[in-house]
Amino acid sequence: MSTEPTGERLTELRQEFAAIDTDGDGYITERELGERFPGLPAEAIGSLNRDGDSDGDGRFSFEEFVRLVARD
Ligand SMILES: [Ca+2]
Ligand SMILES: [Ca+2]
């Protein structure tokens, strides 16, 4: 059931993650998402969080980010 991306895709995802994680703490918060995607409605960010934040700590780790964007 794992759809772990590999190689170039993983490198792209790391770059994208780092671009959103502006304070570089290794986690993406709702606020960082909102700064990166200013056009995104607050409800969309909220639902992203509910869907993607699998451990419920209120922020995205890189693993959660990968799961979120890799699923389709
Ligand atoms: Ca951060
Ligand atoms: Ca989390």
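Two residues are in contact if their C-beta atoms, placed from the backbone, lie within 7 Å. By that criterion Arg 59 touches Tyr 27, Ile 28, Thr 29 and Asp 53, leaving aside residues up to four places away in sequence. The model is predicted, and the protein averages a pLDDT of 89. Its secondary structure comes to four helices and zero strands.

**Overall fold**

- From the N terminus on, the elements of the protein run α-α-α-α.
- The radius of gyration is 12 Å, close to the 11 Å that the globule rule gives for 72 residues, so the protein is as compact as a globular protein of that length.
- The C-alpha trace spans about 30 × 25 × 20 Å along its principal axes.
- Of the 72 residues of the protein, 8% count as buried.
- Among contacts between residues at least 6 apart in sequence, 37% join residues at least 24 apart.

**Confidence**

- A pLDDT of at least 70 is reached by 93% of the residues.
- Helix 1 (residues 7-20) has the highest mean pLDDT among the elements, 94.
- Helix 3 (residues 42-52) has the lowest mean, 86.
- Where pLDDT is low, the predicted coordinates should not be read in detail.

**Annotation**

- The UniProt annotation "domain: EF-hand", from an unreviewed entry, covers residues 8-43 and 53-72.
- In the span of residues 8-43, the end C-alpha atoms lie 32 Å apart.
- That span, residues 8-43, is 61% helix and 0% strand.

- Glu 12 lies in helix 1.
- Glu 12 has 12 other C-beta atoms within 10 Å and is therefore exposed, since a residue with 12 or fewer counts as exposed.
- Phe 17 is partly exposed, because 18 other C-beta atoms lie within 10 Å.
- Leaving aside residues up to four places away in sequence, Phe 17 touches Ile 28, Phe 62 and Phe 65.
- Phe 17 and Val 66 are 49 residues apart along the chain, and their C-alpha atoms are separated by 8.8 Å.

**Helix 2: Leu 33**

- Leu 33 has its place in helix 2 (residues 30-36).
- With 19 other C-beta atoms within 10 Å, Leu 33 is partly exposed; a residue needs 20 or more to count as buried.
- Not counting residues up to four places away in sequence, Leu 33 touches Ile 20, Ile 28, Ile 45 and Leu 48.
- Leu 33 and Gly 7 are 26 residues apart along the chain, and 25 Å separates their C-alpha atoms.

**Loop between helix 3 and helix 4: Arg 59**

- Arg 59 is found in the loop between helix 3 and helix 4 (62-70).
- Arg 59 is buried, because 21 other C-beta atoms lie within 10 Å.
- From C-alpha to C-alpha, Arg 59 and Glu 16 are 16 Å apart in space, and they are 43 residues apart in sequence.

How values were computed:
Residues are numbered from 1 along each chain as its sequence is written. Chains are lettered from A and ligands numbered from 1 in the order in which they are written. This is a predicted model: local features need pLDDT of at least 70, side-chain atom pairs count only at pLDDT 80 or more; totals for chains, interfaces and linings use all residues. Helices (H or I, at least four residues) and strands (E, at least two) are DSSP runs, numbered from the N terminus. The radius of gyration is taken over C-alpha atoms; the globule rule is 2.2 Å times the number of residues to the power 0.38. UniProt positions are given in the numbering used here, feature names are shortened, and annotations may be inferred rather than shown by experiment. pLDDT is the predictor's confidence in each residue, from 0 to 100.
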